[in-house]
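The following note concerns the charged side-chain pairs of the structure shown below. It is set out as numbered points for discussion.

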Amino acid sequence: GELKAPQVTAQTKINDTEVKKEAWQMEWDKTLIQARKEGRVTIYTDIRPTVRDAWIKNFKDKFGVDIEFVAGRGAVTSQKLLTERKAGIYTGDITISGLTTLYLVLEPAGVFEDFEKHLFLPDVLDTKAWYDGRLPWFTEKRLIFLWRLYPTKPLWVNTQFVKPVEIKSYRDLLKPQWKGGKFVLNDPTISGSGSKWFEVYVREQFLGIDYMKSMVKQEPIITRDLRLGAEWVAMGKYPLSIGLEWSNYEPFVTAGAPLDSVETEVPYYLTSGSANLAWLKDAPHPNAAKLFVNWLLSKEGQLLAQQAERSQ
């Protein structure tokens with residue numbers, strides 16, 4: 001007999017929608033069952049303790065799965081990860097860290113894999129929900145996912161010693177009064193907000209390399225301990241810092257320390273901070289990692305991180 005095309009009705013469209021919805025729901029249920037069997041997801045990260053604590057509690061309460069963090073500055077955790085992998089030790093599932101660490105240190109070492117295949121929640125895959133109408137992969141290789149951007153504020157002062165209006169330009173810090181260990185500089189020679197400050201303002205010619213050479217002659221106090229650097233300024237040991245951000249100062253601001261950021265002649269720049277995600281090859285807990293990644297990138301997961309950081 002003659003073949004006829006099936007009649008498309010409103011009910012057919014409803015059923016198709018239900019099938020698609022059931023597909024991701026079935027994937028979620030299957031992933032959750034396997035994730036609970038694996039018991040935990042292991043994450044290498046430099047994200048803030050308040051966010052880690054919120055993730056641990058909410059993920060355990062909601063799904064019954066533990067999160068184990070290997071935490072520290074990206075330059076440290078990345079080397080730990082590479083050392084372990086060279087020794088044949090595979091404990092990490094994903095890494096959430098600064099972009100410099102992921103792109104310049106870990107990606108060239110070949111420890112990432114494309115994890116787009118692991119994304120399945122509709123609100124995660126909805127391109128309209130993301131900036132510029134596309135999933136925010138860092139490059140076409142789709143190895144690093146940027147799940148947040150915010151304007152950075154790299155110059156902070158203790159207002160008991162310096163009023164924000166007293167510094168109108170970074171060039172003010174080249175004056176003789178600031179010479180000889182008078183302010184804190186986040187070490188720009190390793191990955192992090194200090195190197196990003198140096199890179200952006202040199203590359204875009206807002207300050208330039210000659211400015212940076214003059215800055216070195218001012219003999220700033222250079223630190224790699226971001227909490228200690230923020231504490232020095234909060235307690236008044238030094239009046240200001242460069243290359244530390246809101247995330248470093250937030251606990252002290254909350255506690256009532258006299259701190260404020262400074263607006264200068266050069267613009268703020270957008271940064272993803274530590275909100276960069278990559279999937280590690282040969283992850284030992286792939287289902288727990290899959291569950292965490294989809295939850296993190298959903299509206300619920302992102303709002304939780306934002307609330308934990310008290311950022312806008």
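How many salt bridges does the structure hold?

1. The model under review is predicted. The structure holds 17 salt bridges; the points below take up some of them individually.

2. Glutamate 300 and lysine 62 form a salt bridge through their side chains, with an N to O distance of 3.5 Å. Because glutamate 300 belongs to helix 11 (residues 299-309) and lysine 62 to helix 2 (residues 49-63), this pair ties together parts that are 238 residues apart in sequence. Glutamate 300 is partly exposed, at 41% relative accessibility, and lysine 62 is likewise partly exposed, at 42%.

3. A salt bridge also joins the side chains of glutamate 116 and arginine 142, at 2.6 Å from N to O. The pair links distant parts of the chain, 26 residues apart: glutamate 116 sits in the loop between strand 4 (112-113) and helix 5 (122-125), and arginine 142 in the loop between helix 5 and strand 5 (145-146). Glutamate 116 counts as partly exposed, with 25% relative accessibility. Arginine 142 is partly exposed as well, its relative accessible area being 34%.

4. The side chains of arginine 134 and aspartate 132 meet in a salt bridge at 3.5 Å, N to O.

How values were computed. Residues are numbered from 1 along each chain as its sequence is written. This is a predicted model: local features need pLDDT of at least 70, side-chain atom pairs count only at pLDDT 80 or more; totals for chains, interfaces and linings use all residues. Side-chain values use heavy atoms; hydrogens and water are left out. A salt bridge is a side-chain nitrogen of Lys or Arg within 4 Å of a carboxyl oxygen of Asp or Glu. Helices (H or I, at least four residues) and strands (E, at least two) are DSSP runs, numbered from the N terminus. Buried means under 20% relative accessible area, exposed over 50%, partly exposed in between (1.4 Å probe, protein chains only).
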